[in-house]
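Please look through the sequence and the model below before reading on. The paragraphs after it are meant to be read with the structure in view.

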Amino acid sequence: MIVAVPAEEQKLDSPLCVSFGRAPYYCIFDTEKQKSSFIANEAAQSPGGAGIQAAQDLVDAKITTLITFRLGENAAKVLHAANVTLLKALNLSIADNINAMQENKLAELDAIHAGFHHAH
Amino acid sequence: MLNWTPSMQDSIMPTDRTIAVLSGKGGTGKTLVSVNLAAVADQATYIDCDVEEPNGHLFLKPSSVSEQVITVGKPEVDQKLCDGCRICSKACAFNALAVIGKQLLIFEEICHSCGLCMSLCPQHALKEVQKPLGVVRKGRSGSVSFLSAEMRIGESSAVPLIKALMREKQTGLTILDSPPGSGCLVTETISHADFCLLVAEPTKFGSHNLAMVHELVMLMDKPCAVLLNKTQDGENPSEAYAKTHNVRILGSLPYDKELAHLTSEALVASRENEHYRSYFSSLLQEVKDASDSYPQR
């Protein structure tokens, strides 16, 4: 499976980015090949709908699992439509979160927030 | 009380004039100033553009109110026709569309009703459906034609409501009671004004927000002046801002318990008390004179 993790920096030992849609990068991890890479989030600077665009890009990158602290309702709708598994991140590095996931130690993401797209 | 002396100029008044009453933050006195300016005019239209939290009706108490539902067009997809080509989702400037497999997802609250997706769809799978956005109310309060709008709970962008209000604008003097801040709704309101009156509080926070809305007015190339509200002895950061940035100070409205009391009773001060009638009549004249010194648009 292919896992995405929102990242502040392109480093496996760095903490996760707390935002999903506005994260500067995503760490993409392939569990079969045990290989990781980083992609830039093209939607990070969008004036609106960043979460939707970021989710679309990750679905296009064929992810099957997302590890995140938070997720907005619109992004969640896109990821649900693509049957992506949503997992709640632990307050650890990206690498440790990926390891925790492989040991089935991550819980499902329970809270979906209403998004921050109403402030105009 | 007004500490600005009108300059000598042509006294021929253009009949058509739209004044926007603005402030960077809420609670500075926009509605107080707007309803009173409208009430002292021989004839005026008052438009409450604060469609997220309208309150002008509390003071003007309009009668014979009629209501009209305002709708906006949103795309709706026929999934049988959509082949998931993504032309629409890639073109959308607001990221309001996503395509998962062949399923098109539409995020209505992100959509700005521009219609681009519908015009581009090669399969004609998208059609426009009208959705209610809010209501426009029309009424009368003495010599004042009253207009206000209220957006439906849960909607995120009310700009089309302000556009709908402006379609109802009549000739003559119009007072636009603006929403607070310097966002989309304020920008839309200012775009319909000939002149902007910036109401400012004598606080640091007040002057910061005055600066924000003043910058917006400058960016939109509209003439403006400041009214200092709730003035007291001591320093006034908003006055200092106006002086530093060469913004004309049209007058000041001192902090006043009687005015606060009348306002708390939802009364129009100039209709209750000769002192305030005279104050706002002079202020209206100052505003008219100030706006006359700029070419009408």
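This is a predicted model: local features need pLDDT of at least 70, side-chain atom pairs count only at pLDDT 80 or more; totals for chains, interfaces and linings use all residues.

Residues are numbered from 1 along each chain as its sequence is written, and chains are lettered from A and ligands numbered from 1 in the order in which they are written.

In chain A, five strands form an open sheet in the order 3-2-1-4-5, with mixed pairing; strands here are DSSP runs of E with at least two residues, helices are runs of H or I with at least four residues, and both are numbered from the N terminus. Two strands pair if DSSP finds at least two bridges between them. Strand 3 (35-40) and strand 5 (85-88) of chain A are the edge strands, each pairing on one side only. Strand 5 of chain A is joined to strand 4 (residues 65-68) of chain A in the parallel sense over four bridges, and one of the bridge pairs links A:Leu66 with A:Leu86.

Chain A also touches chain B, in a contact that takes 18 residues from chain A and 13 residues from chain B, where two residues are in contact if their C-beta atoms, placed from the backbone, lie within 7 Å. Which elements of chain A give two or more residues to this side? They are helix 1 (50-60) and helix 2 (73-81) of chain A, and helix 1 of chain A gives the most, with six residues.

Chain B is divided into domain 1 (17-70 + 135-292) and domain 2 (79-124), with bounds that come from an automatic or database domain assignment. The centres of these two domains of chain B, taken over C-alpha atoms, are separated by 39 Å.

Strand 2 (residues 44-48) of chain B is largely enclosed by the rest of the structure, because five of its five residues are buried; a residue is buried if 20 or more other C-beta atoms lie within 10 Å of its own, with C-beta atoms placed from the backbone. From strand 2 of chain B, B:Ala44, B:Tyr46 and B:Asp48 point one way and B:Thr45 and B:Ile47 the other way, and all are buried. Strand 2 of chain B pairs in the parallel sense with strand 7 (residues 144-151) of chain B over five bridges, and B:Ala44 has B:Val144 as its bridge partner there. Strand 2 of chain B also pairs in the parallel sense with strand 8 (residues 173-177) of chain B, over four bridges, and B:Asp48 stands opposite B:Asp177 in strand 8 of chain B.

Technical notes: A residue is buried if 20 or more other C-beta atoms lie within 10 Å of its own, exposed if 12 or fewer, and partly exposed in between; C-beta atoms are placed from the backbone.
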